[in-house]
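Please take me through this structure in a viewer, one selection at a time. Say what to select next and what is there.

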Amino acid sequence: MNAPIRKWTSHPVPGLDDANGPPLIAYVVEGKPIMGETDWHHHVRGQFMYVESGMACARTASGVWAITPHRVSWMPPGVEHTVRIIEPITGWGVWVAPQATHGLPPKPAVLRGSDLMRALVLRAAEWAHCDHLDDEQQRLMDVLMDEMCHARVPDNPITLPMPVDRRLLRVAEALLTQPGDTRTREEWATSAGLSTRSLTRLFRDETGLTFEQWRQQAGLGHALEKLGHGDPVAHVADALGYASVSAFVAMFRRCLGQSPGRYLSLDAG
């Protein structure tokens, strides 16, 4: 009989904030029942999480990025961060003890996963929590650690810096939750109580992107989440307000270098 899989739901797995014990603790993410944003916090262990479905935005003092399907996020030990769950997440992950992080990126990053990595994590999530691994478990952990250390940054990663100004933040969050909203820049400025010039200037100053660029990045993140769910390209294009599928595909190819189908097939591998 297979052992029960260690699951991460709304209750933390024992030992996650303990540097002692096994170097890696694997778990399966069943979903985040609470939407919204966490308080700023940090962990003793590093967190390595693969998103199979759903979407989140992670923020640190150095920046913000979108975590979309077929991506692995890495948060090193001790880094202050906050996470906003945009869509309930399923996937898997690993908590890495500080002494086992050699070879992993020193800064937060979004990386590619692999089928081998997934299989190893699912196997490791079946193990009961223990302070030491037996020889077989240690060999599997060594392979998993090697896979994580060699995970590469995907081509054209989607970065989504969030503004700090409360008025802009309301606009940004509305666009994340309603990416198909077709209001113009002028209309968004009015809704935020800003002039169009002020919205334009503040968006560039606080995110490094124009309003239109930021909006497009938000739409791409939403598109990847829906395409990862298996939604047809035509449905995704319509949900984002594109007049035609070809217009959406042209934008996708221009930004990410491949058609939606090709991009997702590369990520799945």
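Helices (H or I, at least four residues) and strands (E, at least two) are DSSP runs, numbered from the N terminus. This is a predicted model, in which local features need pLDDT of at least 70 and side-chain atom pairs count only at pLDDT 80 or more, while totals for chains, interfaces and linings use all residues. Residues are numbered from 1 along each chain as its sequence is written, and side-chain values use heavy atoms, with hydrogens and water left out.

**Whole chain**

Start with the cartoon of the protein chain, which has 9 helices and 8 strands. Of its 269 residues, 48% count as buried; buried means under 20% relative accessible area, exposed over 50%, and partly exposed in between (1.4 Å probe, protein chains only). Contact means heavy atoms within 4.5 Å. Among contacts between residues at least 6 apart in sequence, 70% join residues at least 24 apart.

**The largest core**

Next select Leu-24, Phe-48, Val-94, Val-96, Leu-144 and Met-148, the residues with the most contacts inside the largest nonpolar core, which has 26 residues. A nonpolar core is a set of buried Ala, Val, Leu, Ile, Met, Phe, Trp, Tyr and Cys residues joined through side-chain atoms within 4.5 Å. Elements that give two or more residues to this core include strand 4 (46-60), strand 7 (82-96), helix 1 (115-124) and helix 2 (135-149). Apart from this core lies another, of 24 residues, with Leu-160, Leu-169, Trp-188 and Ala-192 among them. In soluble globular proteins, nonpolar side chains tend to be buried together.

Go back to Met-148 and show its surroundings. Neighbours within four places in sequence aside, Met-148 is in contact with Leu-24, Phe-48, Val-94, Val-96, Leu-104 and Met-117.

**A loop residue**

Which loop holds Ala-100? Ala-100 is in the loop between strand 7 and strand 8. With a relative accessible area of 16%, Ala-100 is buried. Leaving aside neighbours within four places in sequence, Ala-100 is in contact with Pro-23 and Met-145. Ala-100 and Met-145 are 45 residues apart along the chain, and their C-alpha atoms are separated by 8.5 Å.

**The second largest pocket**

Select Leu-175, Asp-181, Arg-215, Tyr-242 and Met-251, which are among the residues lining the second largest pocket. On a 1 Å grid over the protein atoms alone, a pocket is an open set of points with protein on both sides within 12 Å along at least five of seven lines, and lining residues have an atom within 4 Å of a point. Helix 6 (residues 211-228) gives the largest share of this lining, 4 residues.

**Toward the end of the chain**

Is Phe-252 buried or exposed? Phe-252 is in helix 8 (residues 245-256) and is buried, at 0% relative accessibility. Not counting residues up to four places away in sequence, Phe-252 touches residues including Leu-220, Leu-224, Leu-227, Pro-260 and Tyr-263. Phe-252 and Leu-220 are 32 residues apart in sequence, and 7.4 Å apart in space from C-alpha to C-alpha.

Then move to Gly-261, in helix 9 (residues 260-268). Gly-261 is partly exposed, with a relative accessible area of 47%. The C-alpha atoms of Gly-261 and Val-249 are separated by 9.8 Å.

**Cysteines**

Finish with Cys-149 and Cys-255. Cys-149 is partly exposed at 24% relative accessible area, and Cys-255 is partly exposed at 22%. The structure holds 0 disulfides, a disulfide being a pair of cysteine sulfur atoms within 2.5 Å.

Key: 1 Å grid on protein atoms, 1.4 Å probe; cavity = no way out; pocket = protein on both sides within 12 Å on 5 of 7 lines; lining within 4 Å.
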